[in-house]
Amino acid sequence: MAFPQTRLTLIQRLADNASQADWREFMQDYWGPVCHFVQSRGSLTHEDAEDIATDVFEVLSKNRLLERWSKMRSAKLRTLICCVARNILSNRIRVDAGRARLVREHGGRLDRYAGLGDVESIEAPRDQVDAFYAAWVDDTLRAAVESLLSEYDRAGKGDYFNVFYGRLCEQLPMAEIADLLQIKVKSAENYYRHVRDRLGERLQECVREHVLRYSGEQEIGDEFASEWSQMGEFLRERGGLESAVHKAYEDRQVPFSLPPAQPQN
């Protein structure tokens, strides 16, 4: 993949007069991981998880955390987002627990953003950073799989994807899939291998595209090598790419939808 010689990263654009399209792109990358992370950590409803995710992006925008982070980069961007999410979740739990007292003492005017914007000290327990990374990987895996659906449909090879999805994500026997699609079992097996191999390539493309959005020219090579290595280790711990994809879909709940409007500075 050829990288442009001069460009502004998405973070730089977000830090300096970001457009709605820039915010949309950023939220497409992190809305799902944030929602799934806070929902699992706080045992929240679907709607409550989306409310907290909205607050996360508002805090990032209001406190100009992306601009401040881009000047320091003392931790990964994912760690910053994880910290903001866990702080808002903790704040919400405290507010819910003491809402009557807070309303009495503050006249109902609660500052949701107080104490949530400390980018100079980005810390979170290792298990929470790992949990946020796992949510991000699952979201990336599903995005890679679903991008293949469009790719195979455009190529007139929808049955290739149907075989792969039916076998891996729905755990149907190959003979049953072949019967449903009215193809030979051998053909179904070949289709499966074709999509499986393409998925590995597509996942690598997704990681590279992600790195390209957030890294400067001088950082791209090292950052991609680091991200791809970390991804490989994560997938091995889950039993390989196929097992990780199956788990990502097995654990999948109702998809979270991006809100219609993005934060404004």
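Mentor: Buried means under 20% relative accessible area, exposed means over 50%, and partly exposed lies in between (1.4 Å probe, protein chains only). This is a predicted model, where local features need pLDDT of at least 70, side-chain atom pairs count only at pLDDT 80 or more, and totals for chains, interfaces and linings use all residues. Residues are numbered from 1 along each chain as its sequence is written, and side-chain values use heavy atoms, leaving out hydrogens and water.

A salt bridge puts a side-chain nitrogen of Lys or Arg within 4 Å of a carboxyl oxygen of Asp or Glu. By this rule, the count is 19.

Start with Glu25 and Arg213. Their closest N and O atoms are 4.0 Å apart. Glu25 sits in helix α2 (residues 20-42) and Arg213 in helix α10 (residues 185-214), so the pair links distant parts of the chain, 188 residues apart. A helix here is a DSSP run of H or I, at least four residues, numbered from the N terminus. Glu25 is partly exposed because its relative accessibility is 26%.

Next, Glu223 bridges to Lys76, at 3.1 Å from N to O. This pair also joins distant parts of the chain: Glu223 belongs to helix α11 (residues 220-237), while Lys76 lies in the loop between α4 (65-72) and α5 (77-97), 147 residues away. Glu223 is partly exposed at 26%. Lys76 is partly exposed at 28%.

Now go back to helix α10. Arg198 and Glu201 form a bridge of 3.3 Å, N to O. They are three residues apart in the helix, so about one helical turn separates them. Arg198 is buried at 15%, whereas Glu201 is partly exposed at 46%.

Note on methods: Helices (H or I, at least four residues) and strands (E, at least two) are DSSP runs, numbered from the N terminus.
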